[in-house]
Amino acid sequence: MDGVIKPMSLRNSIVFLRILIGWHFLYEGIIKMYNPEWTSYGYLASAQGPLKEVFLAMTNPSIINWIDALNVAALIIVGLTFTLGFFEKKGAIVAIGLLAMYYLAHPPFPWLEQINTEGNYWFVNKNLIELAACLIIYHLPTGDYFGLNRIFNRNKEEIKE
Amino acid sequence: MKWTRRDVLKGLGGLPIAGGIWWAAAANSVLSNKERSEILDQLNIEPSYPKSLPSIDGPPIRVGIIGFGGRGEDLCRSLGFATKEWLSRMEKAAQENPKHTALTDFLEQDKLNVKLVGVCDVFDKRAQKAMESFTTKETKFIRYKTHQDMITSGNVDAVIIATPDHWHAPMSIDALKNGVHVYVEKPMTHTIEETYRLKEAAEKSSARFMVGHQHRQTLSFKTAQDVIEKGTLGHISLIQTNTNRNDDNGAWNYHIDEDANEQTIDWDLFLGTAPKIPFNKNHFFRWRKWWEYGSGLSGDLLTHDYDRLNCVMNMGIPSSVSASGGIYTHNDGRNVPDVLQVNMEFPDYNIGSSQEKGKEKGMTFVYSATLGNGFSRPTILMGHDATMELGNRLIIWPDMSSTKYANLLEAKRMSPSKPIYQYDPGANVPDAISSATSQYFADKGLMWTYIDGARVDSTFLHLREWLSSIRNGGKLSCGIQEGFEEAITAHMAGLSYKLGRRIEWNTTDQKIKPIEGVDFDKVLLSNV
């Protein structure tokens, strides 16, 4: 425990947020894992913005399979840590990194053409908002209230005794 | 262990959530994969693989280029020879815009075992340009005045002909008679009479003859062939192909060189068999606009669409052709139409049917063109069971009233609005967590227009096939028979437009049915 007093309603809200984000990541990761033909090639190849070259380099045939596997693994790791409530700080770091890459590959800057977006965005899009939400999860872990951490920490406390 | 019930509930509460999500995602994926593979299994379409050709061994094949205008330069680049001017222009373009890859594409192209040894062009400036760019220490590059000089020089094994249409057949015939291999641009001929003469010359000659319909190398077309043969579309009753252009270049108003004059252009040689008229720069550079040298939409552009489909469907020469149109968008002194609609009838065409025997037979092939609008109308093949869009990408939609797919449509496993097959070698559709549109843009097994990860120029492939066959033999994908069918069809369309009546083909005689009192070739060459 970090000693911060969390009112019940705030804590419950964060648990709710954490599970929703985990849900989103886990489902996406598993769908991709079970689809042998899925690849991030198109998303990377059509990248825009300041880091375009970096993303294009990732589409190199020699590494694209690794990039795909890492992406799926990262999605599942975030999904599991968030839904189950353990190592969620580490999970949040992975999530922030992943979302930052998604955001930067297709940044909603007004001078860039927006490809395949379902809404209208100006600098801020859903990736960025989800990233901000993951910052909250990072700073306010709730796994020891609702999650496997509650059980692990109990065990640790017992060992200390 | 002092766990309360609350500890267990809150500690393990995430497990059923995670488990549920995992199960849902896995079940969804497996189901959709299964449905998709069921459809694919049923369609059983085999994507095409790049053809492997025997290599061009031995001493380099010595090639001469006849006609070094726009297309002539393109063809030389596909052979591996670019002019100095082009190289420096492309270098500049690449510096200004890193996306401009023409130069790198050219440099990365596989090298062919050829030597470019000579040029024929009636315009001094163009011949000079070739001389300056292609003369090297190892290669003595020669300008020949006439094609006969080049062909009989003994220095040339093969020629590429990229002249105005009225020179295609005379040059091809002369080369073939001298055992010089020929690659000629489309349309293969300018008149009906010379079409038969060229056919005879090609059949008698030991030299290899190829018509420049390079799209026969496009892998999506080869895949389309498999689609049609397997009856995926059912009985095809209508094909629509189109030309949509709305710019000067597209309307054949090419650049007129400021150095062109009677001293720099051998005007009589340009005219050849065409009517003798005084020097005319407009006619020289924009020859496609006059029947005397070119053949307008039917020869320049219908031929592309016709051959594209003939390569996929093998339907041959139509039993009749009716065409209409006019000069509606570029009334600038031209005598070829700029709007043209051609209906080609194939009453006996039949590749099988999903309905009761005898109900379906025959189809119409529509070619519709305007030079006054650039809206992109795709090529569409309309079958009883499905519709196919044919281009570099290939998409198939089931038809709502299909007999073949009735069960799948009823079970909502197929829908008329959703493609059942896509072949798109150039696609890159964004897909990530933000847009979970799991599109099958990268049907990896189907990405074969890219050879070893590189986009390959189809003209290069077409030339390579021709060169390889010069050394190794083998059937050409666009030889004399394909060229004959293309040329006759184009001429039938031109005749129908000019005469305002239906032109019919006699399959038994392999001749256009005569019309009393009409000399077809005279009509084709006439200036109205």
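In chain B, strand β4 (residues 158-161), helix α8 (residues 165-177) and strand β5 form a right-handed β-α-β unit. A crossover counts as right-handed if, with the strands pointing away from the viewer, the path from the first strand over the helix to the second runs clockwise. Helices (H or I, at least four residues) and strands (E, at least two) are DSSP runs, numbered from the N terminus. The model is predicted: local features need pLDDT of at least 70, side-chain atom pairs count only at pLDDT 80 or more, and totals for chains, interfaces and linings use all residues. Residues are numbered from 1 along each chain as its sequence is written, while chains are lettered from A and ligands numbered from 1 in the order in which they are written.

Strand β4(B) pairs with two strands. Strands pair if DSSP finds at least two bridges between them. With β5(B) (residues 181-184), β4(B) pairs in the parallel sense over 4 bridges. Ile161(B) has Val184(B) as its bridge partner in β5(B). Strand β1(B) (residues 61-66) also pairs with β4(B) in the parallel sense, over 4 bridges. Here Val63(B) stands opposite Ala158(B). Ala158(B) and Ile160(B) point one way from β4(B), and Val159(B) and Ile161(B) the other way. All are buried (20 or more other C-beta atoms within 10 Å of the residue's own, with C-beta atoms placed from the backbone).

Chain B also holds an open sheet of 10 strands with mixed pairing, in the order β14-β13-β12-β11-β7-β10-β9-β8-β17-β18. Its edge strands are β14 (421-423) and β18 (511-512), each pairing on one side only. Within this sheet, β12(B) (residues 386-390) and β13(B) (residues 394-398) run antiparallel and are joined by 5 bridges. Trp397(B) in β13(B) is the bridge partner of Thr387(B).

Chain A has 7 helices and 0 strands. Buried residues make up 40% of its 161 residues. The C-alpha atoms of chain A fill a box of roughly 55 × 35 × 20 Å, taken along the principal axes.

The two chains meet through helices. The axes of α1(A) (residues 8-34) and α2(B) (residues 14-43) come within 8 Å and cross at roughly 35°. Axes are lines fitted to C-alpha atoms, for helices over the stretch in contact, and angles run from 0 to 180 degrees between N-to-C directions. Residues are in contact if their C-beta atoms, placed from the backbone, lie within 7 Å. The contact includes Trp23(A) and Tyr27(A) of α1(A), and Ile21(B) and Trp22(B) of α2(B).

Terms used:
Two residues are in contact if their C-beta atoms, placed from the backbone, lie within 7 Å. A residue is buried if 20 or more other C-beta atoms lie within 10 Å of its own, exposed if 12 or fewer, and partly exposed in between; C-beta atoms are placed from the backbone.
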